[in-house]
Amino acid sequence: MTLLMIALGAAVGAPARYLTDRAVQSRHESVMPWGTLSVNVIGSLILGALTGAGAAVSPGVVALIGTGFCGALTTYSTFSFETWRLVEEECYAAAVANVMVSVAAALAAVAIGYAASSALTG
Amino acid sequence: MLAAIAAGGAVGALARQLVAEALPTAPGAFPWGTFLVNVSGCLLIGALMAVLGLLPAHHRLVRPFLGVGVLGGFTTFSTYAVQSHALVTSGHPLVALAYLGGTVLAALLAVVGGAILVRRLAAPWHRPGELRV
C-alpha cells in the first residue's frame, strides 16, 4: 500500500517538475536554471509543512505527498547536472550562485513550512 | 512524453524508497541513504547524458523516461533539505553542514565521473573525430 502511494505521488510529481521547469525557463533568458530551483524550493516547502504537522498526517499521506510527490517534484540529479553545465560554460559565478541560492532557499522553505504547520496543528 | 516521465518518476521514487528502507537514518546521524541516492543518481545522469551525446539518433523518449523520470524521481532535494533542517534544529549543526556541503561536492564529482567513465568506455568504438558530445 505504501509503495502504491509513493508510485502514485511520484507519477504526478515528476511530470509536474517537467511542466514547471518548461514554464519557468520559457519566461527568462538568463543562464540560471530557475525552473529546477523553483521546483526544489516548492517541494521543500511542502515537505517541510508535512514534517511539521507530525502525527496529524497519516503515514499514507506522507508516502503519497512526501516520499512520492515531493521526492519526485524535486531533483538532485538535474540540479547537479545544470550546475556542472554552468561550470563547463565558464559561468562560475552563476554555478556558485545556483548552489548557494538553491540550498539556502530550500532550507528557508523547509523552516517556513515546518513552523507554519506545527503552529497550525499545535 | 508526460506518460514516460510519470512512469519513470514512479520507478525512480520506488527505488529511492527501497534504499531508504535498507539504510535508515538515526536522528542526529549523517543521512547516508539519501546521500547515496543523490550521488548515485548524479553519477547516472552524467553517464546518461554522455551516452546520449555519443548516440545522436537515440529514441526521443529515452531522455524523458530515464533522465527526467527515473533519475529525477530517484534523487530528491526536498528530503535533503528537510534532513538538514532536522539536523540543525536537533543540535547537530556540524553534521548538517557536512551533509549539505558533502552532497553538493560528491554530486558534482559524480556527474563528471559518470560522463568521463562513459567516454572512456566508448573510446574504442568512437575515434575522436566522430565524437559528438
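This is a short exchange about a predicted two-chain model.

Colleague: How are residues, chains and ligands labelled, and which pLDDT limits apply?
Modeller: Residues are numbered from 1 along each chain as its sequence is written, while chains are lettered from A and ligands numbered from 1 in the order in which they are written. The model is predicted, so local features need pLDDT of at least 70, side-chain atom pairs count only at pLDDT 80 or more, and totals for chains, interfaces and linings use all residues.

Colleague: What share of the residues of chain A counts as buried?
Modeller: A residue is buried if 20 or more other C-beta atoms lie within 10 Å of its own, exposed if 12 or fewer, and partly exposed in between; the C-beta atoms are placed from the backbone. The C-alpha trace of chain A spans about 45 × 30 × 20 Å along its principal axes. Of its 122 residues, the buried share is 54%.

Colleague: And what share of the residues of chain B counts as buried?
Modeller: Of the 133 residues of chain B, the buried share is 47%.

Colleague: Is Ala7(A) buried or exposed?
Modeller: Ala7(A) sits in helix H1 (residues 2–25) of chain A. Leaving aside neighbours within four places in sequence, Ala7(A) is in contact (C-beta atoms, placed from the backbone, within 7 Å) with Gly68(A), Ala10(B), Ala13(B) and Leu14(B). The C-alpha atoms of Ala7(A) and Gly68(A) are separated by 6.1 Å, though the two are 61 residues apart along the chain. With 23 other C-beta atoms within 10 Å, Ala7(A) is therefore buried.

Colleague: How many other C-beta atoms lie within 10 Å of Arg85(A)?
Modeller: Arg85(A) lies in helix H4 (residues 77–88) of chain A. Its C-alpha atom is separated by 28 Å from that of Ile46(A), 39 residues apart along the chain. Arg85(A) is partly exposed because the count is 17.

Colleague: Where H4(B) and H5(B) pack, are they roughly parallel or antiparallel?
Modeller: Helix H4 (residues 78–89) and helix H5 (residues 93–122) of chain B pack at about 155°, with axes 7 Å apart. Axes are lines fitted to C-alpha atoms, for helices over the stretch in contact, and angles run from 0 to 180 degrees between N-to-C directions. Angles under 35 degrees count as roughly parallel, over 145 as roughly antiparallel, 65 to 115 as roughly perpendicular and the rest as oblique. H4(B) and H5(B) are therefore roughly antiparallel.

Colleague: What is the handedness of the crossing of H2(B) and H5(B)?
Modeller: H2(B) and H5(B) pack at about 35°, with their axes 7 Å apart. A crossing is left-handed if the near helix is turned anticlockwise from the far one by less than a right angle, and right-handed if clockwise. This crossing is right-handed.

Colleague: Which residues touch the most other members of the largest nonpolar core?
Modeller: A nonpolar core is a set of buried Ala, Val, Leu, Ile, Met, Phe, Trp, Tyr and Cys residues joined through C-beta atoms within 7 Å. The largest has 76 residues. They are Ala10(A) and Val111(B).

Colleague: Which helix gives the largest share of the side of chain B that touches chain A?
Modeller: The contact takes 38 residues from chain B and 38 residues from chain A. Helices giving two or more residues to the chain B side include H1 (2–22), H2 (32–54) and H3 (62–74). The largest share, 11 residues, comes from H1(B).

Conventions. Helices (H or I, at least four residues) and strands (E, at least two) are DSSP runs, numbered from the N terminus. Two residues are in contact if their C-beta atoms, placed from the backbone, lie within 7 Å.
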